[in-house]
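Hi,

Here is the structure I promised to pass on to you. Have a look at it first, and then read on for what turned up when I went through it.

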Amino acid sequence: MALFMQHLKIYLDGAFVAEPDAKVSVFDHGLLYGDGVFEGIRFYNGRVFLLEEHLDRLYDSAKAILLTVPLDRDAMREAVLETCRQNGLRDGYIRLVITRGKGDLGLNPNKCSKPTIFIIAASIELYPEKYYTEGLRVNTVPTQRISPAALSPAIKSLNYLNNILAKIEGNLYGAQESIMLNQQGYVAECTADNLFVIKKGKVFTPHISDGALGGITRRLMFDLAVETGHELREANLTRYDLFVADELFATGTGAEVVPISEVDGRKIGPGRVGPVTEKFIAAFRHKTQNTGVPIY
Ligand code: PXG
């Protein structure tokens, strides 16, 4: 064992600080109200994967909640890369968070003078490899995806209670992920992953307007569909479409491309990873290992 613990270096409002000193005020509205936005980003093989796409979504999320990011895009990109360098990492996970900042106890964001920005780069514990062959057991859950008229699910905000409640319900069923429906009963997404349905060689995924986050991994699937020769289109999907699918998979920065082998007690297709999903997994892994913005 190491004789001393090496702390992560955290980017916090323009400086790098050791993890025990990386502290945010109890008056920060990110904490008091979940008022802020974030990104989860991966880096593989010394390169940050799909960084520009994550920056696009970050600035769009901030714009949608009228949060003016005090760093421009070039400075933000450099802050992300420098956080990886400061920690000497080549593979891992980046959490980039921008909160409304420190305010008073009222929710009025006008009282917050300066957004708080922090960036964590760390190694992560991946899903066990067996999930990628055996697939996940998932459940649809009673908690509906929040209506776009209430808070757009396209905004990657710090308000995750909707997803967390769905996750808790899945946990109660012993599921490894939960599928959320929207208020019309159509499939929206999983709690931190987008969903894909394969039927007769064609691939379908819920519309963003059905309550799915515009996942960066989801977006990539449209390119991989062309590469693998499968038609992919957006559709209104019901639980029935899931039950009778030939294959299902979920996508997300953390989960990558992961098969789903059981939904609400129904075995899906072969009950393990299917041939089309295998092609998407292989194409995805090739991209992660061979593309991205170099860190060093
Ligand atoms: N839907 C929701 C609600 C999400 O939060 C995705 C889909 C997938 O999007 P990306 O851009 O990652 O392909 C997310 C991802 C994690 C993690 O560790 C991911 C998210 C949130 C918290 C943790 O994978 N969001």
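Which residues are the closest to the ligand, and how many surround it? Please keep in mind that this is a predicted model. The ligand has 21 residues around it, and the closest are K156, Y160, E189, T217 and T253.

In T253, a side-chain N or O atom sits 2.5 Å from an oxygen atom of the ligand. T217 also uses its side chain, with an N or O atom 2.6 Å from a ligand oxygen. I216 takes part through its backbone instead, where an N or O atom is 2.7 Å from an oxygen of the ligand. On its own the ligand would expose 540 Å², and the protein buries 88% of this area.

T253 also turns up among the contacts of R42, a residue of strand β3 (residues 36–44). Is R42 buried or exposed? With a relative accessibility of 5%, R42 falls under the 20% cut-off and therefore counts as buried.

Now to the core. The largest nonpolar core is made of 27 residues, and F43, V48, V69, M76, I94 and I98 have the most contacts inside it. At least two residues each come from β3, α2 (51–64), α3, β5 (92–99) and β6 (116–122). Helix α3 gives the largest share, five residues. A separate core of 23 residues includes L136, F243, A245 and I260.

Just after the helix, G88 has a positive phi of about 60°. Within α3, the buried residues include M76, A79, V80, L81, T83 and C84. Beyond its neighbours within four places in sequence, M76 contacts L55, L58, Y59, V69, L71, L96, I98 and I117.

Happy to talk it through whenever you like.

Best wishes

How values were computed
Residues are numbered from 1 along each chain as its sequence is written. This is a predicted model: local features need pLDDT of at least 70, side-chain atom pairs count only at pLDDT 80 or more; totals for chains, interfaces and linings use all residues. Side-chain values use heavy atoms; hydrogens and water are left out. Buried means under 20% relative accessible area, exposed over 50%, partly exposed in between (1.4 Å probe, protein chains only). Helices (H or I, at least four residues) and strands (E, at least two) are DSSP runs, numbered from the N terminus. Contact means heavy atoms within 4.5 Å. A residue is near a molecule or strand if one of its heavy atoms lies within 4 Å of it. A polar contact is a pair of N or O atoms within 3.5 Å; within protein, one must be able to donate a hydrogen and the other to accept it, and residues adjacent in sequence count only if both atoms are side-chain atoms. Accessible areas come from the Shrake-Rupley method with a 1.4 Å probe; for residues, only the protein chains shown count as cover. A nonpolar core is a set of buried Ala, Val, Leu, Ile, Met, Phe, Trp, Tyr and Cys residues joined through side-chain atoms within 4.5 Å.
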